[in-house]
Amino acid sequence: DTTKSMGPYIDRTRKALARIVEGMEGTETGAKINFGAIGFRDSPEAVPGLDYRTKVLVPLERRTDQGPVLAAIAEATNVATASSPGFNEDSLAGVEDAIDTIDWDQGGADPVDGRYVILVTDAGPNDVNDPNSRSTIGPAELQRDAEGRNIVVMTLHLKTRAGQGTHDYAATRYRKLSLFGDGTFYYPIEGGSEDAFEATVTTLVTALTDHVRAARGEAAVLPEAGAAETTRFAPT
């Protein structure tokens, strides 16, 4: 989410990811883990000042240097200067693009095995009947499409004071979107705490990298108890 209210959270994402990437730099585990980023806002037809509805900030690619990813996320802190038509955003368009337009197969040469989309937003998704929505595909349909491709959608929902009237609406839809197998990967950040958000991002991404360490027979970074609830339903 690269709308006006998200600047501090995008910067916290960059800081958390930078620490994780730096810790893996030059390691065989680090070579197996790659990132991409997609920004989303709302309808630029309704508000031209939003500039875009979705945008690939940096594609998912096999990299030896994750610097371009960190630079793209840093650039994303230059959030929209215009306000969206309402508090909700077209977050489902961003997730749809992450599922459908990201090259998870890497041209067939080296497909990505563990596939995760982490949605970060303080807003609910536009209703499918909202004229500002890009499509009529709802959270349940997106979830089925993602799971069919072995992609886990994880949602970090910042429950800020500004969005208080949308919290229940958003949580209901994001829980549907964030199902995989027997698990629900929905993480509400109460009060929109920046510190709690950064800590959650750090734990979540570190837990995912621990899957690669486990597959390689290496020691995990997180204690087992700390990671269990976060990723116990994630695919290997």
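Predicted model: local features only at pLDDT ≥ 70, side-chain atom pairs only at ≥ 80, totals over all residues.
**Entry 1: helix H1**

I listed its buried residues as Gly 7, Tyr 9, Ile 10, Arg 12, Thr 13, Ala 16, Leu 17, Ala 18, Ile 20, Val 21 and Met 24.

**Entry 2: the cores**

I then looked up the largest nonpolar core, which has 34 residues. Which of them touch the most other members? My notes say Leu 17, Phe 35, Met 154, Leu 156, Leu 158 and Phe 197. The elements giving two or more residues to this core are H1, H3, strand E3 (115–121), E4, E7 and H7. H1 gives the largest share, 8 residues.

Leaving out neighbours within four places in sequence, I found Phe 35 in contact with residues including Leu 17, Val 21 and Met 24 of the H1 list. Its other contacts include Pro 59, Leu 60, Val 69 and Val 205.

Apart from that core lies another one, of 20 residues, and I jotted down Ile 102, Val 112, Val 117 and Ala 170 as being among them.

**Entry 3: Gly 191**

Now for a loop. I found Gly 191 between strand E7 (186–190) and H7. Is Gly 191 buried or exposed? Exposed counts as over 50% relative accessible area, and Gly 191 is at 57%, so it is exposed. Still, Gly 191 touches Lys 159 and Thr 160, not counting residues up to four places away in sequence. I also noted that its C-alpha is separated by 9.2 Å from that of Gln 164, 27 residues apart along the chain.

**Entry 4: the whole protein**

Last, I zoomed out. I counted 8 helices and 7 strands. The radius of gyration is 17 Å, close to the 18 Å that the globule rule gives for 236 residues, so the protein is as compact as a globular protein of that length. I wrote down that 51% of the residues count as buried. The accessible surface comes to about 11100 Å², with 49% belonging to carbon and sulfur atoms.

Methods:
Residues numbered from 1 in each chain as written. Heavy atoms only, no water. Buried < 20%, exposed > 50% of the residue type's maximum accessible area, 1.4 Å probe, protein only. Contact = heavy atoms within 4.5 Å. Core = buried A, V, L, I, M, F, W, Y, C linked by side-chain atoms within 4.5 Å. Rg over C-alpha atoms; globule rule 2.2 N^0.38 Å. Areas by Shrake-Rupley, 256 points an atom, 1.4 Å probe, with all protein chains shown as cover.
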